[in-house]
Amino acid sequence: MDKFIEAFTNVDAAYVNVYQQILRYCLPLLVGVLLFLCIKPLLTFRREPEIWAWLILEDQRRLAITHWESVIGRNKRSDVVINMPAVSRNHAVLTRYDDGSWTIADADSKAGVLVNGEKVSIAELEPEDEIDIGGVKMKLLPISRRQEIKLAQLRTKGARPLHSLLNVLLLTWIQILMCSSYLLVGNEAYAYNVFWGFTGITVSQWVLLAFYFAIRKPSFEIETIAFLLCTLGMAAIAAVKPGEASKQLIAMYMGMALFLGVGWSLRDLERAKKIRYIAAAAGVGFLLITLLFGKTYNGARNWLIIGGMSFQLSELSKVCFVFVGASTMDRIVNRRNLILFIAYTLAICGCLAVMNDFGTALIFFVAFLLIAYMRSGSVGTLALACTSLGFAGVIALKFKPHAMQRFTGWRHIWEDPTGAGWQQTRALMCIASGGLFGMGAGRGWMKNNFAADSDVVIATLAEEWGLLVVLMLIGCIIVLGLFAVRSAAVQRSSFFAIGGCTAAGILLVQTILNALGTVDVLPLTGVTFPFVSNGGSSMIGAWGLLAFVKAADTRQSASFAVRQSKEGRPDDE
């Protein structure tokens, strides 16, 4: 290994220059091909609604039940619309569980819900039970086991093993090219760190793919995108702080463990329902620990130092927040649940405000808006929440000078290019100097700037690998968001729909704040670029959020949320 590293670091400069010039133009092409192969199946799969039961009305009309949680009401946005005056806008919630049983719950309606003539708040349903909703009588007819198996066979299949294998092979080739380019121009003292940083990512993606093949879940497009982002993040670390490559790699392993752990919990909705209470306590607990024992850097008290290593526990709180917000299986329009979730959000954002971490607080608030809208569908509620945010923002700017400094420099960076505008003016110049194809590995100047591998990481990558590559990285996150939205309409459970859209929304907002903050379109908030920015906590949190996006995959043999029996037939479809 020593001779291998030494051979790379002592290649003639003329050959290195030729290699770098070729790679500058080849890399955008290879990344573009890989993204096309991953994006196409994610954005073009057929969205077939699954029919799990029928509501049989007195006149023998049949109303299809296409979700595991279905709102019955007069509202046009209800899953089952019954346009009768005595039926409330959101009257009742019909819920299916993992074992195939069904319940109906009253959603604080005026007329209430009757089962076999008795008024109930929630009741388990039997096939012959008569349901009365606002005077409209009906019976529930679930589909048979045989129909469930047939339904599973008709769903769009996920990627074939060969397709995933080819994608990972292409990604491995990209990683080899990028690793060799940094070894050729890098410091020999850090050559081992760079080599093992890229090699560690390559090995982990192959191990995860082999695990997926073993459990018969060969779809790997979402994970391939994540590993590509991690690879570009490792490139930024190799250019700026090569000594931290191993630390970031360990964080990625921890993130993958969280990814698999969250994915395991989502395979059983009843188990997920119990875990949400632990997640709720952990989400607030992480912030309280940081508030009590954290250190202040750049005006924000959001870092916890343990054994010489720094942690930003608010990144893990994001995963807990999505878990709590998405856990709506039992009563998805219950007003009490919504009020409790609002209180939980205020507690989270209050801790972040005291910590002066307003960028992260904004991300949590956006996540709250997504969850609140998907739970209630009330635009008025969101308008009220946004108005409240406006007042809170004005108060924060008045009493928190650290936050005010972010805004005073916004859109005025060229007035103070050696002071408040230093980072962004240098970032803009480096992005311009890199052009479309970049200057080559290790040849940029941005690496000498503060936070070149975190807050303004896109400037480092744009300078060395070109604007095209950076735009494709941003496109990766956008695709995850579009995929979650497309999948939401045909989700079996609101848990997966809300969790997938909210997690993708958080990743997208982080990307927007990081990228547009770097180029001074938005204030520079210090928010990281998911999977790319150097930071162990950010990496772990990003992988944890990705589990919700993965669970939202409705294609056959693609999602954590669908188990298969030994015979290859779905157990819960």
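Modeller: Start with helix α5, residues 191-214. This 24-residue helix reaches 35 Å from its first C-alpha to its last, close to the 34 Å expected at 1.5 Å a residue. The expected span is 1.5 Å times one less than the number of residues. Helices here are DSSP runs of H or I with at least four residues, strands are E runs of at least two, and both are numbered from the N terminus.

Biologist: What are the ground rules for these values?

Modeller: This is a predicted model, so local features need pLDDT of at least 70 and side-chain atom pairs count only at pLDDT 80 or more, while totals for chains, interfaces and linings use all residues. Residues are numbered from 1 along each chain as its sequence is written, and side-chain values use heavy atoms, with hydrogens and water left out.

Biologist: Which residue just after α5 takes a positive phi?

Modeller: R216, at about 60°.

Biologist: Now α2. How far apart are its end C-alpha atoms?

Modeller: They are 46 Å apart. Helix α2 covers residues 13-44, and its 32 residues should span 46 Å at 1.5 Å a residue, so the two agree.

Biologist: Where is the kink in α2?

Modeller: At C26, shortly before the proline P28, and the kink is about 30°. The bend is the angle between axes fitted to the seven residues ending at a position and the seven starting there.

Biologist: Which residues of α2 are buried?

Modeller: Among them are V16, Q20, L23, L27, P28, L34 and L42. Buried means under 20% relative accessible area, exposed means over 50%, and partly exposed is in between, with a 1.4 Å probe and protein chains only. An α-helix has 3.6 residues a turn, so residues three or four places apart point the same way.

Biologist: What do those buried residues pack against?

Modeller: Four helices: α4 (161-185), α6 (221-240), α15 (457-465) and α16 (467-488).

Biologist: And the nonpolar core? Which residues touch the most other members?

Modeller: L461, W465 and W543, in the largest core, which has 155 residues. Helix α6 gives the most to this core, with 15 residues. A nonpolar core is a set of buried Ala, Val, Leu, Ile, Met, Phe, Trp, Tyr and Cys residues joined through side-chain atoms within 4.5 Å.

Biologist: What does W465 touch?

Modeller: Leaving out residues up to four places away in sequence, its contacts include L23 and L27, along with M178, Y182, A235 and F437. Contact means heavy atoms within 4.5 Å.

Biologist: Switching to strands. What is the order in the open sheet?

Modeller: β4-β3-β5-β6-β9, five strands with mixed pairing. The edge strands are β4 (80-81) and β9, each pairing on one side only. Two strands pair if DSSP finds at least two bridges between them.

Biologist: How does β6 pair with β5 and with β9?

Modeller: β5 (residues 92-96) and β6 are antiparallel over five bridges. T95 stands opposite T103. β6 and β9 (residues 122-125) are also antiparallel, over four bridges. There W102 partners L125, and I104 stands opposite A123.

Biologist: Is β6 mostly covered or mostly open?

Modeller: Mostly covered. Five of its five residues, 102-106, are buried. W102, I104 and D106 point one way, and T103 and A105 the other.

Biologist: What about the hairpin of β5 and β6: how many residues between the strands?

Modeller: Five, and in that hairpin G100 takes a positive phi near 90°.

Biologist: Last one. Where is I413?

Modeller: In the loop between α13 (401-409) and α14 (422-434). I413 counts as buried, at 3% relative accessibility. I413 and T425 are twelve residues apart in sequence, with C-alpha atoms 6.5 Å apart. Leaving aside neighbours within four places, I413 contacts G421, Q424, T425, L428 and D520.
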